[in-house]
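Here is a short report on one protein structure. Have the sequence and the model open as you read.

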Amino acid sequence: MSQQRLIESLTSLFATNLVVFWHDVEGEFASAVEGLTLTNVQLVRLDTTPALRVKLDMEQHPGQRWLVYSTQPEPEPTKDWLLDVRLRSKSFRADSTSILLEDLGLTTQALRHHLKDRAKFLRAKDRLDRLKRLVLPGDAALDLDRKMLAVLTRADQPELFAMLQRLYAAFVVDGVADLSVQPKAWQDITANDLAPSFWAMVQAQLGYVDVNPSLRDLLLRILVTDYCRSLDGPPPRQLEHFVLPDRTLAANASVFVARWRSDMAHFTHYNALAQAVARELELSAMLAGQGSEQLADCMTFEDVELRVVQDLKQRIVSGAGANMDVVHALIARRRDGHWANPLLASANERTRALAACYDALSAAADFFTLKARHAGGFSFVDAGAAYAQYRDELFRFDQLYRHFHNAADTVEPTGWAVLHGLRETIEGVYTGWFIPQLSTAWAKVVEGPQGLLQAWALPDVTPQQAFFDRKVMPLFDAGIKRVFVVISDALRYEVAHELVQLTNSKSRFKASLEDMLGVLPSYTALGMAALLPHQTLAYKESANLDVLADGHLVATLEQRSEHLRPFGGLAVRAEDLMSLGKEKGRELVREQRLIYVYHDRIDMTGDKQGSETKTFEAAAQTVQELSQLLGFIINSLNGSTVLVTADHGFIYQDAPLDGADKSTLDDKPAGTLKAKKRYLIGRNLGASSKAWSGNTAVTAGTTPEGSLDFWVPKGASRFHFAGGARFVHGSAMPQEVVVPLIKVRESEADHAKTRYVNINLLGASNKVVTSTQRFEFIQSDAVSERVLPRSVVIALRDGDKPISDEQSLTFDSTSQLLDERKRSVFLTVSAGAHDPHKRYDLVVRDAGTKVEVLRVPFKVDLAFGNDF
């Protein structure tokens, strides 16, 4: 200690005391004490002045300040002539250990020897400064060691779990785990003689004991223990010797890894290490004989996730739609776990792929369930019944087929083959059963003297060419001042159905789905013209075979905008409208009453050979883009009413086509003016047994003189494959001619507001008596368009501090039955002393926002449970 520091410390003591005793046993300051300049302080040295003389001098000068210095230890009280003075004075120590005690704010003199033992650690100023922030006055030797370890590991908190996370993070470099490394922090621990304290703490909290303990071995023991504890059944014999022996303390291993997995700063390190451990254990071979039920709650290793996916895939294929409730329940449990959790998908490619595996499996299970309901194929009494059944239910085949392939395509970049067999099965059912069966049944109500082609009209179904008169004009008649019409090229009915669900999940938006019978042939030029306001439609025989609306060319955006001007309207591309922003957008539409907004993602992608395989990806993008467009129109442009529709739908199959999919025409019929994959248009085409034929006067309402004949392939076949053939439209299948019409309104009514499902805890007992306890919850209301699903995280807490692992649950049931809306979770309580009389809480928080959803008080009495 410097002389100035000595003066400052002594001056501070003399500010409130007349007498200060300084016993410098090692004589470090014997020569320096005389040179101390202390104002109004008399120095006396007990090595040169007898104690009795000092006592008498003090009594004769009662107001004098005295510094009593000695190189001897404090005498026994019975031999101390100055005991009465000492009892009303202060002691001062200036040796390095005493200074450390003072600097650290410690009050226990018994720590002096311990601090000497830790001199190597305490020499570094930066370590000492960090230690000061953690130390409490009453800390004992074990507390100090724990906090020194926290300093060396740079842990967020001076507790074992935080230290282990930091130590094991150093095992991972650039995402690759090396179990043989010696982290710099561990080298510092051993260099500062703190390794015994570390292993003592590990033993006390995890029950880990080994003759030659190591971080690598500890990691294996922790992960295997967590895995075996969560298995439904006995652990594999090959792993038994890795399980931590103390059953009570072993629970802490599960608590630790659960926290590690849920820590956004460290879960990637966990993933890499868990995969490295699984490889070393050759875990995949042990998992081969285990089913999904046994592994349902095992979240330790990614190999478990892969095994569950594999097992569920086999069940779906072999089950053919039967008993899919169990499959869906297992999928839900795994999605709430770690490796396939959607909340982590954006940050991790493998998590994204695993989440997509379950999306694909869920779609496949629903697909086969739907097929099982129609095992005998399809039969319709008339075209109206066929149209209605597709609109109300059968569109789900197309939707689920799309959902499956979208998800499976997300998995493909990983190189995993787990979905390949399922993809082939789905493809076989869709292209080899659903499309042919639907085509056959549909043909029966389309063909013939009473068939749909003869009139191309259905009761209570609006024909597409009547869209403006029947759907837009009534809105103006009802007093609405401005109407937005959004036309998305090739927006199929099943994609629009998904858009409606997404729209209704937003507060203040109310969307309803209707339908129209599309014009035939079902292609862009005719469909787009039919949707415009018009009195007449007619073909103009030109190179482009344009369709005229009231005699006007309407093929381009500019032509459509000019056509809309007499109606107080304009046409604009969706991307151009969005790019204007709020103020310029409002300026554009301020004087308009009718705004046609054109969007093109699906057709632009699918109608090109180089990109047609991205059709389903484009459909998913379309849902998001149209949702954003609707939000912009309603929120920024004050559009109170928006109609969303399409010019036509489409047919798409993922597998390449072969000759059986081709409706071979020997030659184009004389009079052909335009020939495409799914239609021929011309004059005096006649009829063909290989095609459905008709005239646009019947199927699109064109004028007699402006009408043309057409041929379209029967079913889902193509006339030719040039330019790609997986994505097509133009013919009369329901996927092409059931045209969606979505009406979106802004509404402030309560029924138009969305909310999340409510969650309640079941059971009367509010006491935890076992280290692993089951909690059952009920989703009090069914998920609907306005009642949204909710993912939550659940833990037992002491205030805000968790005393258990944290588990996730998703409440997304649409069932009206209470029993089908129950979900349960097992929580593992950390080992240790839990006051049976203290209040703890079961806390449920929203997984995304961390907002508290539910808090229920509990008592924790593990001693009671251990007695039985």
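## Backbone exceptions

Asparagine 40 sits in the loop between β1 (19-23) and β2 (41-45). Helices (H or I, at least four residues) and strands (E, at least two) are DSSP runs, numbered from the N terminus. This is a predicted model, in which local features need pLDDT of at least 70 and side-chain atom pairs count only at pLDDT 80 or more, while totals for chains, interfaces and linings use all residues. Residues are numbered from 1 along each chain as its sequence is written, and side-chain values use heavy atoms, with hydrogens and water left out.

Most residues other than glycine have a negative phi, and most peptide bonds are trans. Asparagine 40 has a positive phi, near 60°. At 58% relative accessibility, asparagine 40 is exposed. Buried means under 20% relative accessible area, exposed over 50%, and partly exposed in between (1.4 Å probe, protein chains only). Aspartate 193 is not a glycine either, yet its phi is positive at about 60°. It lies in the loop between α10 (184-191) and α11. Aspartate 193 is partly exposed, with a relative accessible area of 40%.

The peptide bond from leucine 520 to proline 521 is cis, with omega near 0°. Proline 521 belongs to the loop between β9 (509-517) and α26.

Axes are lines fitted to C-alpha atoms, for helices over the stretch in contact, and angles run from 0 to 180 degrees between N-to-C directions. Angles under 35 degrees count as roughly parallel, over 145 as roughly antiparallel, 65 to 115 as roughly perpendicular and the rest as oblique. Contact means heavy atoms within 4.5 Å. Ala, Val, Leu, Ile, Met, Phe, Trp, Tyr, Cys and Pro count as nonpolar, Asp, Glu, Lys and Arg as charged, and the others, Gly among them, as polar.

Helix α9 (residues 160-169) and helix α11 (residues 195-206) have axes that come within 11 Å and cross at roughly 120°. The two are therefore oblique to each other. From α9, Leu160, Phe161, Met163, Leu164 and Leu167 meet Phe198, Met201, Val202, Gln205 and Leu206 of α11. The contact of α9 with α11 has nine nonpolar, one polar and no charged residues.

The axes of helix α8 (residues 141-153) and α11 come within 10 Å and cross at roughly 105°. That makes α8 roughly perpendicular to α11. Asp145, Arg146 and Leu149 of α8 touch Ser197, Phe198 and Met201 of α11. By class, the contact of α8 with α11 has three nonpolar, one polar and two charged residues. Helix α13 (residues 247-262) packs on α11 at an angle of about 105°, with axes 7 Å apart. This pair is also roughly perpendicular. Here Gln203, Ala204, Gln205 and Leu206 of α11 meet Leu249, Asn252 and Ala253 of α13.

## Buried and exposed sites

Threonine 300 is in the loop between α16 (292-295) and α17 (302-319). Is threonine 300 buried or exposed? It is buried, at a relative accessible area of 0%. Beyond neighbours within four places in sequence, its contacts include Leu223, Asp226, Arg261 and Trp339. A polar atom of its side chain lies 3.3 Å from the backbone nitrogen of tyrosine 227.

Helix α26 (residues 524-531) has six of its eight residues buried, so it is largely enclosed by the rest of the structure. Lysine 801, in strand β29 (residues 801-802), is exposed at 59% relative accessibility.

Methods
A polar contact is a pair of N or O atoms within 3.5 Å; within protein, one must be able to donate a hydrogen and the other to accept it, and residues adjacent in sequence count only if both atoms are side-chain atoms.
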